[in-house]
Amino acid sequence: MKRLYMLGPCSIDSEQHLIATASHLKGLGVQVLRGGTYKMRTSPDSWQGLGEEGLRLLTEVASEFKLSTLTEITDLKHLDLYLKHGVDILQIGSRNMYNYPLLRELGSCGLPLLLKRHFASSLDEFLLAASYLDAAPRVFLCERGIRSHDTRFRFTFDINAIAWLKKNSQRQVIADPSHGTGERDYVIQIAGAAIAAGADGIMAETHPMPELARSDARQTIDLNQAARLVSWCETLAAVLPESPPLSV
Ligand code: PEP
Ligand code: MN
């Protein structure tokens, strides 16, 4: 594979769905299974995730299919659970990009981290937030869309960010076209655009039956779309001048 793919549900909802997803993704050459467990929902009345049961499902299913795991941590008091279950990469969500005490603590927890850009942050603020994580063995920077004057899309994917981050940081840059558009029909196109702009990998919300997804259903692609996304991004990556090294 020429690029890194982190695919899976916004939030893990059932073992059966997760196994179907992992099995299909493994066949595509995807390296990382993502899945929300403790969710940061805008409304306290929205589905908050399966919590520790989600961590167990994610790590067990991923190990069955020899995939690495990525899931968001929202609260330091859960860190021991993430370590106990053996999560490979911790995601720091966009809403926590400004939570400097959390960044500092996670920076020294010993695990690779994926930091999402806050949807209102400047690129300079994003890189400064990432420097709180300097002690971490690896930090992925994830562009996930920003708020603009446009209201047609949930967020506006900032393609400039991909090119700028590649030029101004040594970190691997991951594009999240799911949150970056909010609509599944645009996810593959914007993923391809991010690869063309130099992204090292793609994170995309994937579910065997997106309409049943308990969070972010509108922006979640199905398994066939996941296959098209990977094949399109790999095709584009193959004609780009330089391929970055790949490892998790
Ligand atoms: C997510 O990845 O499901 C998520 C909540 O992302 P963000 O923090 O970018 O909104
Ligand atoms: Mn989501």
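This is a predicted model: local features need pLDDT of at least 70, side-chain atom pairs count only at pLDDT 80 or more; totals for chains, interfaces and linings use all residues.
Trainee: What makes Cys10 count as buried?

Mentor: The relative accessibility of Cys10 is 4%, and buried means under 20%, so Cys10 falls within that class.

Trainee: Why is Asp216 called buried?

Mentor: Asp216 has a relative accessible area of 17%, and since the term covers values under 20%, Asp216 is therefore buried.

Trainee: How do you know that Cys10 and Asp216 belong to the site of the manganese ion (ligand 2)?

Mentor: A donor must be an N, O or S atom within 2.8 Å of this metal, and the coordinating atoms, which are SG of Cys10, NE2 of His179, OE of Glu205 and OD of Asp216, lie at 2.0 to 2.4 Å. Along the chain these donors follow the spacing C-x168-H-x25-E-x10-D.

Trainee: Is Lys66 buried or exposed?

Mentor: Lys66 has a relative accessible area of 67%, and exposed means over 50%, so Lys66 is exposed.

Trainee: How do you know that Gln31 is buried, and what does its side chain reach?

Mentor: Gln31, which is found in the loop between helix 1 and strand 2 (32–34), has a relative accessible area of 18% and is therefore buried, the limit being under 20%. The side chain of Gln31 reaches the backbone nitrogen of Tyr5 at 2.8 Å, and a polar contact requires a pair of N or O atoms within 3.5 Å.

Trainee: What makes strand 3 and strand 4 a pair?

Mentor: Pairing needs at least two bridges, and three bridges join strand 3 (residues 68–72) to strand 4, the two running parallel. Thr71, for example, has Leu90 as its bridge partner in strand 4. Three bridges also join strand 4 to strand 5 (residues 113–116), again in parallel, and Ile92 has its bridge partner in strand 5, namely Leu115. From strand 4 the chain crosses through helix 4 (residues 100–107) to strand 5 in a right-handed β-α-β crossover, and strand 3, helix 3 (residues 79–85) and strand 4 likewise make a right-handed β-α-β unit.

Trainee: Which way do the residues of strand 4 point?

Mentor: In strand 4 (residues 89–92), Ile89 and Gln91 point one way and Leu90 and Ile92 the other, and all are buried. In a regular strand the side chains alternate between the two faces of the sheet.

Trainee: How do you know that Lys116 and Glu205 make polar contacts with ligand 1?

Mentor: The cut-off for a polar contact is 3.5 Å, and a polar side-chain atom of Lys116 lies 2.9 Å from an oxygen atom of ligand 1, while a polar side-chain atom of Glu205 lies 3.0 Å from an oxygen atom of ligand 1. Taken alone, ligand 1 exposes 290 Å², of which the protein buries 96%. Among the residues around ligand 1 are Cys10, Gln91, His179 and Glu205.

Methods
Residues are numbered from 1 along each chain as its sequence is written. Chains are lettered from A and ligands numbered from 1 in the order in which they are written. Side-chain values use heavy atoms; hydrogens and water are left out. Buried means under 20% relative accessible area, exposed over 50%, partly exposed in between (1.4 Å probe, protein chains only). Helices (H or I, at least four residues) and strands (E, at least two) are DSSP runs, numbered from the N terminus. A crossover is right-handed if, with the strands pointing away from the viewer, the path from the first strand over the helix to the second runs clockwise. A residue is near a molecule or strand if one of its heavy atoms lies within 4 Å of it. A polar contact is a pair of N or O atoms within 3.5 Å; within protein, one must be able to donate a hydrogen and the other to accept it, and residues adjacent in sequence count only if both atoms are side-chain atoms. Accessible areas come from the Shrake-Rupley method with a 1.4 Å probe; for residues, only the protein chains shown count as cover. Donors are N, O and S atoms within 2.8 Å of the metal (3.2 Å for Na, K and Ca); water is not among the atoms, so sites may look incomplete.
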